[in-house]
Amino acid sequence: AILPILCYPDPRLHKVAKPVEAVDDRVRSILDDMLATMYDANGIGLAATQVDIHERIVVIDVSEERDQPMVLINPEIIWYSDEKVVGDEGCLSVPGIYDGVERSTQVHVRATDRDGQSRVIEADGLLAVCVQHELDHLLGKVFVEYLSPLKRNRIKTKLLKQKKTEERA
Ligand SMILES: O=C(O)C[C@@H](Cc1ccccc1)C(=O)SCC(=O)c1ccccc1
Ligand SMILES: [Zn+2]
């Protein structure tokens, strides 16, 4: 099913996700819904927090063909490169806003996949950026929090105004 994506500044986006106890059919069903929702929204990643499910689950697909889904259950970054880069980021919970965020260029992530197997993924490029962005979501952090308070307030005002016009429409 396509799930509704929470929109900033919804307070639920700041809840901290809990670890998944067991990779069972309930979790696999959440994974399928999150992947459907991510592809429908044309995103390259989605964290469970964004669909109001507060468990440590992330899906990612950074492939051109949109046919290489990645599932990260209970992900943790076990190594960050010292080298960092500022890249333009967007967020499905902050529609229409793109701005520069500094991230490590490479990260190593330990995560469990849909079969319950634990793996370490060595990520670079857009995948490294996306992993860091998604894991922030699981900690209740949205990328606009890296921006200046002035920019963040302008974004809040803009999105709240958008929401009002949507409700009236
Ligand atoms: O809100 C999300 O987690 C999804 C987000 C992931 C992300 C994109 C870009 C940089 C970091 C994290 C998106 O997919 S935003 C929309 C999008 O499709 C996109 C934006 C910029 C570059 C590539 C894709
Ligand atoms: Zn996001």
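A salt bridge here is a side-chain nitrogen of Lys or Arg within 4 Å of a carboxyl oxygen of Asp or Glu. The model shown in these views is predicted.

**View 1. Lys151 and Asp99 form a salt bridge.** The closest N and O atoms of the two residues are 2.8 Å apart. Lys151 lies in helix 3 (residues 149-168) and Asp99 in strand 5, so the pair ties together parts that are 52 residues apart in sequence. Lys151 is partly exposed, with a relative accessible area of 37%. Asp99 has 18% relative accessibility and counts as buried.

**View 2. A salt bridge joins Asp32 to Arg114.** The N to O distance is 2.9 Å. Asp32 belongs to helix 1, while Arg114 sits in the loop between strand 6 and strand 7. These distant parts of the chain are 82 residues apart. Asp32 is partly exposed at 40% relative accessibility. Arg114 is partly exposed too, at 27%.

**View 3. Arg119 meets Asp113 in a salt bridge.** Their side chains come to 3.9 Å, N to O. Arg119 is partly exposed, with a relative accessible area of 43%. Asp113 is buried, with a value of 13%. The count for the structure comes to 10 salt bridges.

**View 4. Asp10, Arg12 and Asp52 are linked in a network of salt bridges.** Asp52 lies in the loop between strand 1 (45-47) and strand 2 (57-60). Its phi is positive, about 60 degrees, although Asp52 is not a glycine. Asp52 counts as partly exposed, at 32% relative accessibility.

**View 5. Three residues coordinate the zinc ion (ligand 2).** The donors are Cys91 (SG), His133 (NE2) and His137 (NE2), at 2.0 to 2.3 Å. Along the chain they follow the spacing C-x41-H-x3-H. Cys91 lies in the loop between strand 4 (84-89) and strand 5 (99-104), and His133 in helix 2 (residues 125-138), so the pair ties together parts that are 42 residues apart in sequence. Both Cys91 and His133 are buried.

**View 6. Ile78, Trp79 and Val120 make a nonpolar surface patch.** The patch covers about 260 Å². Val120 is part of strand 7 (residues 118-124). With a relative accessible area of 44%, Val120 is partly exposed.

**View 7. The charged end of Lys141 sits over the ring of Tyr146.** The distance to the ring centre is 4.8 Å.

**View 8. Ala111 and Glu76 are 6.5 Å apart in space, C-alpha to C-alpha.** In sequence, 35 residues separate Ala111 from Glu76. Ala111 is found in strand 6 (residues 106-112). At 5% relative accessibility, Ala111 counts as buried.

**View 9. A cis peptide bond joins Tyr8 and Pro9.** Omega is about 5 degrees. Pro9 is found in the segment before helix 1 (25-40).

**View 10. Arg66 has a positive phi, near 60 degrees.** Arg66 is a residue other than glycine. Its place is in the loop between strand 2 and strand 3 (70-80). Arg66 counts as partly exposed, at 27% relative accessibility.

Conventions: Residues are numbered from 1 along each chain as its sequence is written. Chains are lettered from A and ligands numbered from 1 in the order in which they are written. This is a predicted model: local features need pLDDT of at least 70, side-chain atom pairs count only at pLDDT 80 or more; totals for chains, interfaces and linings use all residues. Side-chain values use heavy atoms; hydrogens and water are left out. Donors are N, O and S atoms within 2.8 Å of the metal (3.2 Å for Na, K and Ca); water is not among the atoms, so sites may look incomplete. Helices (H or I, at least four residues) and strands (E, at least two) are DSSP runs, numbered from the N terminus. Buried means under 20% relative accessible area, exposed over 50%, partly exposed in between (1.4 Å probe, protein chains only). A charge sits over a ring if NZ of Lys or CZ of Arg is within 6 Å of the ring centre and within 35 degrees of the ring normal. Patches are made of residues with over 30% relative accessible area and no salt bridge: like charges are joined within 9 Å, nonpolar side chains (Val, Leu, Ile, Met, Phe, Trp, Tyr) within 5 Å. Accessible areas come from the Shrake-Rupley method with a 1.4 Å probe; for residues, only the protein chains shown count as cover.
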